[in-house]
Amino acid sequence: MNYNFGFEVKQTGQGYHVAKPGFDMMISREFLQSVDYTELRRIELVIRDLMKD
């Protein structure tokens with residue numbers, strides 16, 4: 001499935017794998033249900049910024 005901001009979300013046995021080129025993370029079902037894709041995009045940008053240093 002493709003969602004806003006190009007995220008691909010796949011259910012795994014442990015939760016959900018949220019990915020796009022150059023970025024991926026595992027999150028719980030509860031967390032995925034409590035955020036929208038704008039918030040996921042913000043998290044992505046913060047993580048990418050932290051990885052630069």
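Helices here are DSSP runs of H or I with at least four residues, strands are E runs of at least two, and both are numbered from the N terminus. Before I go on, this is a predicted model, so local features need pLDDT of at least 70 and side-chain atom pairs pLDDT 80 or more, while totals for chains, interfaces and linings use all residues. Numbering starts from 1 along each chain as its sequence is written, and side-chain values use heavy atoms, leaving out hydrogens and water.

So, is E44 buried or exposed? E44 counts as buried, because its relative accessibility is 1%; the cut-off for buried is under 20% relative accessible area, with exposed over 50% and partly exposed in between, using a 1.4 Å probe and protein chains only.

Who does E44 touch? Leaving aside residues up to four places away in sequence, E44 touches F7, K20 and F23, where contact means heavy atoms within 4.5 Å. With K20 there's also a side-chain polar contact of 3.3 Å. That term means a pair of N or O atoms within 3.5 Å; within protein, one must be able to donate a hydrogen and the other to accept it, and residues adjacent in sequence count only if both atoms are side-chain atoms.

Now zoom out. The chain has two helices and three strands, running β-β-β-α-α from the N terminus. Of its 53 residues, 28% count as buried. Its C-alpha trace spans about 30 × 20 × 20 Å along the principal axes.
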